[in-house]
Amino acid sequence: MFSHLSKTIQSSVRGKARLASQLRTAATSAQKREGDISDAFASLSGLEFKPLEPRYADLKGRLIKGREDALRASWERLLGELQQEIPIIAELGPKIVPEIEFDDLDNPSEHFKSEHKKRGVAVVRGVIPEQEALQLKQDLRKYIKQNPQTRAFPQDNPQVYELYWSPSQIRARAHPNLIKTQRFLMEFWHSKDPNALISSSHPTIYCDRLRMRLPGDAKFALGPHVDGGSVERWEEEGYGKGRVYEFIFQGNWEQYDPWESSCRLPVVSDMYQGVGACSAFRMAQGWLSMSVTGPNEGTLLVNPLLSRATAYVLLRPFFAPKRVVMDPSGEVFSSDFLSPNNWTLEPQPTSWLQGATPGRGQELNALLHPHLNLTKSMVHMPTVRPGDYVSWHCDTIHAVDKVHAGKSDSSVLYIPSCPLTELNAEYLRRQRDCFLKGTPSPDFPGGVGESNHVGRPSVGDVEAVTNDEAMRGFGLKEWDSNEEGLSPGQKQVMDRANKILGFYN
């Protein structure tokens, strides 16, 4: 039976390609160039932020035409909100991140639910037993040792490995506890369209890389950033296809709902074939810890402002200071500089989209985004143990410690939470092809990858360590559209996903 399925999969992979639009086809069909995680960010690649080509000035003008007064008023309201919220975040630090035990997922507290909706970040404790998570790390080290040709960053002292198909990663992604956690987190989302072709109750597996950061490392110093595109957030053919941020550009940012899913279905988040740029719909990014790691020990920092931070990043390019800052190298600025009275709507739109570079991630820094007060609004994740899972909303600003000042490794498997959609089914089809070949996952730097790696799992190996739910998440088994309790939209997206994946015509 399984051999027949395997043949069906491989036949589908070789012969069937269905994409939602010509633009998406152009953006995702070819393997990306070789590289590593540094290629995804201007700051890690040694590039400087500067004004973009003139068409972005025209784009900015179109986005707010006729709404200038409303935008100005909304900017002032936003700055007032930031002044109130950031001191709260600074005082609480890691304590502001809501936590929940895996065993409590079926009965979460009202406090956790409200704080997660507001902050967009969470720690789920004990998703995988601690010894099991430590075994994953031990097996990873063995896999890396067996395959010294593995690409990593930095090359002279690897911290982030370009690995996607190791046995440890397969087992972790397929773990039923992890899939349950992903479902729990995605069901915080909702759709204003009851018939939208999406199911947040059926996770799809997005195969990302891993980090094994060693004490003393200062090269993987990735500053504040947002994944899922950069300029695409303003582009009419990017996030504009779903009018995701329309309320913000209308001058009514308070009405923006970061948890509404249907508007994100048409989005094209990788218009420029960025190396490491995400083309799938990830509701949340996340990682599974394989070590005991606390603040300043090579861990994650997040900005728990969520909708307010998103509104600020998107509105910032439309405003300029009347009096420029005296010390551009500083990280904290005077109240006079930050005052709303010192900021004016650009009289003529410029081509600046602060921190955005086509084909790279959206980055932030103190000078470009001064009102976010990043030195205070970026907080460490609480101390995590092996088997804990950390999650952050796809719009969340996040970073990593500049220096790993701890005494042991800071190791994680990057495993985001992705719903079942047509776009994600198409991504699964391409990802499945990469898995069968051993090449890097589609969004990531290309090349031979693990095609010649010793110990790389086969389809049969995956089947041996997974259940039906995980097999479907990998794109290796058809979705059951006859499952009880499905909405019409869920049934339809399952049928379409099965066709995309080649299980039937």
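Ala, Val, Leu, Ile, Met, Phe, Trp, Tyr, Cys and Pro count here as nonpolar, Asp, Glu, Lys and Arg as charged, and the others, Gly among them, as polar. By that division, the lining of the largest pocket has twelve nonpolar, five polar and four charged residues. The model is predicted, so local features need pLDDT of at least 70 and side-chain atom pairs count only at pLDDT 80 or more, while totals for chains, interfaces and linings use all residues. Residues are numbered from 1 along each chain as its sequence is written, and side-chain values use heavy atoms, with hydrogens and water left out.

The largest pocket holds about 610 Å³ of space. A pocket is found on a 1 Å grid over the protein atoms alone, as an open set of points where a 1.4 Å probe fits, with protein on both sides within 12 Å along at least five of seven lines; lining residues have an atom within 4 Å of a point. Grid points are joined across faces, edges and corners, and the volume is the space filled by probe spheres set on the points. The lining comprises 21 residues, of which G223, P224, E331, L364 and K402 are the closest to the pocket centre. At least two lining residues come from each of α12 (374-377) and β15 (398-400); helices (H or I, at least four residues) and strands (E, at least two) are DSSP runs numbered from the N terminus.

The structure contains 19 aromatic pairs, a pair being two rings of Phe, Tyr or Trp (its six-membered ring) with centres within 6.5 Å; planes under 30 degrees apart are stacked, over 60 edge-to-face and the rest tilted. F112 and F188 make an edge-to-face pair, with 6.3 Å from centre to centre and 70° between the planes. F112 belongs to helix α5 (residues 110-119) and F188 to the loop between α8 (176-186) and β5 (198-204), so this pair ties together parts that lie 76 residues apart in sequence. Both F112 and F188 are buried, where buried means under 20% relative accessible area, exposed over 50% and partly exposed in between (1.4 Å probe, protein chains only).

F249 and F318 are both buried. Elsewhere, W75, Y312, F319, F333, F337 and W343 are linked into a cluster by ring pairs.

Two arginines sit over aromatic rings. The charged end of R55 is 4.4 Å from the centre of the Y56 ring, and R211 lies over the face of W287 at 5.7 Å from the ring centre. The criterion is NZ of Lys or CZ of Arg within 6 Å of the ring centre and within 35 degrees of the ring normal.

Side chains of opposite charge can pair when their charged atoms come close. The whole structure has 32 salt bridges, each a side-chain nitrogen of Lys or Arg within 4 Å of a carboxyl oxygen of Asp or Glu. In one of them, R119 meets E115 at 3.9 Å, N to O. R119 and E115 are four residues apart in helix α5, and therefore separated by about one helical turn. R119 counts as buried, at 3% relative accessibility.

R209 and E162 form a salt bridge at 2.7 Å, N to O. R209 is in the loop between β5 and β6 (210-213) and E162 in the loop between β4 (160-161) and α7 (167-174), so this contact ties together parts 47 residues apart in sequence. R209 is buried at 6% relative accessible area, and E162 is buried at 8%.

The salt bridge of E422 and R496 is at 3.3 Å, N to O. It links helix α13 (residues 422-437), which holds E422, with helix α16 (residues 488-500), which holds R496, 74 residues apart. E422 is partly exposed at 30% relative accessible area, as is R496 at 33%. Salt bridges with shared partners also join E85, E115, K118 and R119 into one network.

The backbone remains. Most residues other than glycine have a negative phi, and most peptide bonds are trans. F153 and P154 are joined by a cis peptide bond with omega about -15°, and P154 lies in the loop between β3 (152-153) and β4. R243, which is not a glycine, has a positive phi of about 50°; R243 lies in the loop between β7 (225-226) and α9 and is exposed at 54% relative accessible area. N373 has a positive phi near 45° and lies in the loop between β12 (362-363) and α12.
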